[in-house]
Amino acid sequence: MAAAAAGLSWRRVSSFTGPVPRSRHGHRAVAIRELVIIFGGGNEGIADELHVYNTVTNQWFLPAVRGDIPPGCAAHGFVCDGTRILVFGGMVEYGRYSNDLYELQASRWLWKKVKPQAPSTGSPPCPRLGHSFSLYGNKCYLFGGLANESEDSNNNVPRYLNDFYELELQHGSGVVGWSIPVTKGILPSPRESHTAIVYCRKDLGSPKMYIFGGMCGCRLNDLWELDIETMTWSRPETKGTVPLPRSLHTANVIGNKMYVFGGWVPQSAGGEISARDGEWKCTGSFSYLNLDTTEWIGLISDCQEDKSNLLPGPRAGHCAVAVGTRLYIWSGRDGYRKAWNNQVCCKDLWYLDTEKPPAPSQVQLIRATTNSFQVKWDEVPTVEGYLLQLQADSPVPSVAGIPGTGVPETSVLSSQGSGSSLHQSPQSLPSVPYPEMKVDHPSQTNNVIPNNVQVSLSSNSLLKVEGKEKVAAPENKITQETMKNHADATGFKESNAPPLLPVCTSSPQTSANVGELHDLDKQSVNPDASVSSTVSSTQTMVTQQAVKTESSSTNGAVVKDETSLTTFNSKSEAAETAYIMPSTRVNTGQTNDSHSSKTPQRQMAPVKTKDRQWYDVGIFKNNSAVVSQFYLLPEETLSISNKMESANVPDYRLLKKQDLFPGTVYRFRVAAINGCGVGPFSKISEFKTCIPGFPGAPSTVKITKSVDCIHLSWEPPASPSGNILEYSAYLAIRSTQLQENPSQLVFMRIYCGLKTSCIVTTAQLSNAHVDYTSRPAIVFRISAKNERGYGPATQVRWLQGKVRVRRS
């Protein structure tokens, strides 16, 4: 099959919820992040509702729109600029076309009719349908369409257009007006129901608009190019097989490719295309134009018949929209039934992943215990799951290895007030579309596919899962015992204070903040976390609290560490040698199933990183996991999988599992999976499981700002493991060592004592280092000490507004 040969994997969405819009044609769609917004179209009347489909939750909904709500229209212009959408023209009833312009502020679902100024020379655009309306920068480009020359809407006298207009937009909302640009070269011939896209090569930086196909008494398949900077029209030479003439098709840009799907094409008879007045049919053909090389590549041919329901059926007047690198197609008409004297519209929704997903962010640590990690990573849009792997610091039985993770932060805005804090209740992770994996996930933190579920990657790297079972989190008693004790914190540097601060996370290249405030009034808070903060008008405190324990008390927080604080610095893997410490592994006492292996003994031998193996933790639906075990692979499988990172995922039901050990360093990496297969792995993170007996990290950190100082307070660790003897608070300061090694923060102790609060003076803050790894922030750390020593530190990133502290 051509689709399989081309590596395509169309998926039909069947498990959506909410009010599904009625099938139609002539509608338009745009995407705002994960939302597909559809407006207009017709089938037994023109639709005037605004429908939204959430590609993450597979849910349709009808937003409560208000304002100057436009009438229903079809074959209109529809573009998206950030969170505002512009609608121009279209057919509002049979034979009556529009030239009205409406704006929708999608963040508030507010419609507004806008009245642009007329061009300084010439008339504004006449009412029309089937035109193209394209956005680039702060301008929309209108080309062609079909006008009705008759004043009687029942007496349609068509006039094909090739006029060209420019609409200048105001920033945020509103428009300036129409203009008629002076262009060079030959203008494309008149047409309607064509497509237009704008593409700008990264290396050349000159934006181009491409017009393809359309209708002007007959269908067309000519390609036109407009250089937007010089306003010059041309006919680019193309290579490959040009798609058949067509109209009512769709064209979408993903990467450097223009994907063309469906439309009306000529009915071929005996290998020859029919003449001007011949027969026409809907098609399900699919091609793309490489916009860098102007070469056409056919993916699904016009004559290909597919009766297996593995491909979208032939259609025209459908909508297509790109969400990330995924292409969605919905509805459209599949032909004309003379016997019924009407047209039949499709009711199906399809998507296609056009390339493998990008690498996720580094794995981030939320919490560590003596024998488990809770980790997460940033979501990758439009994926079906994540493959998490780990690598052990010390030798594992002939089969082992896991990928590593990093630590997230949460930035929360609180009400303005002195001393008051904002507490966020636990938030659940947003779900990710997983159409082929129907597994119930009662646990928010452990959504790994169960061991008795078949997981495999077939020859064309499609994810297939057989079986269905509820997944429960491993029964690990959660304590806040540290990943790295005081004596092992050899990578920590400090000035004006002894090196007493142990840190249990090391993430030299972690990504930008997770959960910062975004547009559309959305606020993302770390899942299962109790977050508190106090802010001034321009400053926000950031803290990452640990997950609640079984007793519902809040554990000490372990916050993303954006610097390297252990001996495992950002050296290359090939050059690094990790020496095994001569301590004995501790048996965790955790019960395993019959496949679990016995506890191995530590070996006194150096292990080079390049000789270590990666082992699967599992495939996860969402972007978080509780890791207490990993899968052991036979030696022959290991040698293959380490050479071929895209090798098939094994049958986990047949593999033994290995528990994590206390006081052991593990490296993590994660890759996203979509219909094209497993993407590249993230950068590597490493973390150490806790050693029993040390106190947990202080929790619920608050920062209150006053005129000449700030007040820093915290709560004792939920797991003190004995009596707390003292607390230490530290401030990251400017230092020449930072210039030599930017990944190594230098800290000064600003408090040591039994109190759970301290004052940070303006003089101390004036010496603070401003960390620019994500958003500008001042970094604090707080740790607790018991009879065994200091436990892990809570790191707090205090986000800065207009930073006045000079950058070190």
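**Strand pairing, cores and a buried arginine**

Strand E3 and strand E4 (residues 50–54) run antiparallel and are joined by five bridges. The model is a predicted one. Across this pairing, Ile37 stands opposite Val52 in E4. Strand E3 (residues 35–39) also pairs with strand E2 (residues 28–32), in the antiparallel sense and over five bridges. Here the bridge partner of Val30 is Ile37.

The hairpin of E2 and E3 has two residues between the strands. Arg33 takes a positive phi there, near 55°.

Strand E3 is mostly covered, with five of its five residues buried. In a regular strand, side chains alternate between the two faces of the sheet. In E3, Leu35, Ile37 and Phe39 point one way. Val36 and Ile38 point the other way, and all of these residues are buried.

A further open sheet is formed by three strands in the order E32-E33-E43, with antiparallel pairing. Strand E32 (364–368) and strand E43 (624–627) each have a single partner strand, so one side of each is left without a neighbour in the sheet. The twist averages 20° from one strand to the next. Strand E33 (residues 373–376) pairs with E43 over three bridges. Within that pairing, Gln374 stands opposite Val626.

The largest nonpolar core has 27 residues. Those with the most contacts inside it are Phe373, Val375, Leu388, Leu390, Val627, Tyr666 and Phe668. At least two residues of this core come from each of E32, E33, strand E34 (385–392), strand E42 (615–620), E43, strand E44 (629–632) and strand E46 (665–674). A second core of 24 residues is separate and includes Ile703, Ala729, Phe780 and Ile782.

Arg11 lies in strand E1 (residues 10–12). Its relative accessible area is 6%; Arg11 therefore counts as buried, the cut-off being under 20%. The Arg11 side chain makes two polar contacts listed here. One is with the side chain of Ser9, at 3.0 Å. Another, of 2.8 Å, joins Arg11 to the side chain of Glu384.

The cysteines were examined next. A search of the whole structure finds zero disulfides. Cys140 has 0% relative accessibility and so counts as buried. Cys200, at 26%, counts as partly exposed.

How values were computed:
Residues are numbered from 1 along each chain as its sequence is written. This is a predicted model: local features need pLDDT of at least 70, side-chain atom pairs count only at pLDDT 80 or more; totals for chains, interfaces and linings use all residues. Side-chain values use heavy atoms; hydrogens and water are left out. Helices (H or I, at least four residues) and strands (E, at least two) are DSSP runs, numbered from the N terminus. Buried means under 20% relative accessible area, exposed over 50%, partly exposed in between (1.4 Å probe, protein chains only). A polar contact is a pair of N or O atoms within 3.5 Å; within protein, one must be able to donate a hydrogen and the other to accept it, and residues adjacent in sequence count only if both atoms are side-chain atoms. Two strands pair if DSSP finds at least two bridges between them. Axes are lines fitted to C-alpha atoms, for helices over the stretch in contact, and angles run from 0 to 180 degrees between N-to-C directions. A disulfide is a pair of cysteine sulfur atoms within 2.5 Å. A nonpolar core is a set of buried Ala, Val, Leu, Ile, Met, Phe, Trp, Tyr and Cys residues joined through side-chain atoms within 4.5 Å.
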